[in-house]
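Please open the model in the viewer and keep the selection tool at hand.

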Amino acid sequence: MFVVIGRPINVLLSVFEKFNVKTVTWERDTEPYNKEIDDKLFEICRDDGIAAHRFWGHTLYDPDYLLDLSDGTAPLTMTGFLNIIALAGAPLKPVDPPSSVPGPPTDIYCGDIFETIPTLSDLKSYGYNPLDKTTKFVAGEREAFKRMENFLAQKKRVAAFDKPKTNPTSLEPDTTALSPYIARGSLSSRLFHSKVLECLGETTNSNRPILKGSLEGQLYWREMAYLIAYSTPNFNQMVGNPVCKQIPWLEGKEAKSLLHKWEMGKTGYPAVDAAMNQLRIDGWLHHLGRHLVACFLTRGDLWVHWELGRDIFNRYLLDSDWSITNFSWHWLSCSAFFHQYFRCYGPTTFFKRTDQTGAYVRKFVPILKNFPDNYIYEPWRAPIAVQEAAGCIIGKDYPMPVVDHDVESKRNMGKMRMAYLNAQLLNLNFMY
DNA sequence: GCGCCGGTTGAAGGT
DNA sequence: TACCTTCAACCGGCG
């Protein structure tokens, strides 16, 4: 592997010239930035008489094929998406790796090119600004395969897997935690899909219903997010995004201050703060933990713009993924796909379902570790004597709640109602 | 235009 | 324990 650094088209052109390249193959990508490079490169190859072969490899299906099957418009519900999948047939199979590849050219220097894979420090001089932290996720394909095989060896767990029922407060991930490997390309979605079916004794040809919460269903959620992200203009923002509800979120100074408290785990709600601390420490957070904090930041409590929360997620998540992260923030903020804004996650109640003693909070907000169970999710309600005994005074050692959830969540439901009404009025004005 | 239905994962209070 | 209803009452798609 060579790593070449610079503006993609520029460095590729210099490599083409240097090695007198006749054929180029590459993997296509759905994100706007890569789409533009893909198309430009394809044109350049065509004009220069270089054979160009580009393939979809990151998703189960060729997104253009799925769009053709759905009249050019991506379905906005999972049910609609699965109808398209029923037409599309089985996903592409993973391809075996080649048994051998040609050796590298001997003379490889052409500008900023690394003969071995550069380290993060090497990249700092190019403006890359990595977080200075360690993670328990070891990088690489070997590790990805090991984790996948370990999970798939638990056949009952694989067969019974139902994402909404997994435990967000488990101290070890209750889900596969393969997302960093899939997002970064260490584990192919097609390989994982075929291994899951193999493990369940299923074939891609049988006419089984696909359960939305199953492992297979999860891969189809990913696929749907990619298709929508691929085919929706301005999908990474609210303005100019045709599927996104226009909602008057907080954006300025006030939003920045609330956002910072949220990011740093200082909202005063232990469940929210524990989840945000895990996000920053581990670079990973359970799906439902993400739901809790994303709802809290946006429509639930703080009314901060989802784009700001999305940026924080992308900074810390090892599995950050342009399509999926944007899709999910639409969902949680009730900006698209999900509209039942009156269903709101409770910052003091949601984690209690799976963790009555607050073990998760005690791990990730250790200042609270000596609070009794009945105050662990609302420590400000503890009598001062209890706070003193726990060695943590609320308002001094740990913040008071940044907002009153009972008041703000109700008020925000009213704001959501108004925003939806305004959207309808705008549509009417447009029509008449 | 209207009504009906389904929508991956809420909370609280039931059986 | 697993499932039910109610609460505030949404959207998009379909007939």
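Which residues of α2 are buried? Select helix α2 (residues 32-48), and then highlight Ile37, Asp38, Leu41, Ile44 and Cys45: these residues are buried. Buried means under 20% relative accessible area, exposed means over 50%, and partly exposed lies in between (1.4 Å probe, protein chains only). The five cover an arc of only 135° around the axis, which puts them on the same side of α2. The arc is that of the directions from the helix axis to the C-beta atoms.

Before the next selection, some conventions are needed. This is a predicted model, in which local features need pLDDT of at least 70 and side-chain atom pairs count only at pLDDT 80 or more, while totals for chains, interfaces and linings use all residues. Residues are numbered from 1 along each chain as its sequence is written, chains are lettered from A and ligands numbered from 1 in the order in which they are written, and side-chain values use heavy atoms, with hydrogens and water left out. Helices (H or I, at least four residues) and strands (E, at least two) are DSSP runs, numbered from the N terminus.

**Helix α2, continued**

Turn to the other side of α2, where Glu36, Arg46 and Asp47 are exposed. Next, display α1 (8-19), β2 (23-27) and β3 (51-55), which are among the elements that cover the buried residues of α2. Contact here means heavy atoms within 4.5 Å. The 17 residues of α2 should span 24 Å at 1.5 Å a residue, and the end C-alpha atoms are 24 Å apart, which agrees. The expected span of a helix is 1.5 Å times one less than its number of residues.

Move to helix α9 (residues 189-200), which has 12 residues and reaches 16 Å from its first C-alpha to its last, close to the 16 Å expected at 1.5 Å a residue. Select Ser188, which caps the N-terminal end of α9: a side-chain oxygen lies 3.1 Å from the backbone nitrogen of Arg190. This is a polar contact, that is, a pair of N or O atoms within 3.5 Å; within protein, one must be able to donate a hydrogen and the other to accept it, and residues adjacent in sequence count only if both atoms are side-chain atoms.

The buried residues of α9 include Leu191, Phe192, His193, Val196 and Leu197. Their cover includes α6 (141-152), α7 (155-160), α8 (179-184) and α10. At the other end, α9 is followed by Gly201, whose phi is positive, near 70°.

Now select Glu216, which is in helix α10. Is Glu216 buried or exposed? At 6% relative accessibility, Glu216 counts as buried. Leaving aside its neighbours within four places in sequence, Glu216 is in contact with His193, Val196, Leu197, Arg208 and Ile210.

Select Leu288 in helix α13 (residues 287-300). Leu288 has 8% relative accessibility and therefore counts as buried. Beyond its neighbours within four places in sequence, Leu288 is in contact with Pro164, Thr166, Pro168 and Phe350.

For a contrast, select Arg353, in the loop between α15 (322-332) and α16 (359-364). Arg353 is exposed, with a relative accessible area of 59%. The C-alpha atoms of Arg353 and Pro168 are 185 residues apart along the chain and are separated by 9.9 Å.

**DNA strand B**

Show DNA strand B. Sugar and phosphate account for 42% of the atoms of DNA strand B that come within 4 Å of the protein.

- A backbone N or O atom of Pro164 lies 2.7 Å from a base oxygen of DNA strand B.
- An N or O atom in the side chain of Arg343 is 3.4 Å from a base nitrogen of DNA strand B.
- A backbone N or O atom of Gly346 lies 2.7 Å from a phosphate oxygen of DNA strand B.

**DNA strand C**

Finally, show DNA strand C, which is surrounded by Lys245, His339, Gln340, Tyr341, Phe342, Tyr420 and Gln424. Of the atoms of DNA strand C within 4 Å of the protein, 68% belong to sugar or phosphate and the rest to bases. End the tour at Gln424, where a polar side-chain atom lies 3.0 Å from a phosphate oxygen of DNA strand C.

Technical notes. A residue is near a molecule or strand if one of its heavy atoms lies within 4 Å of it.
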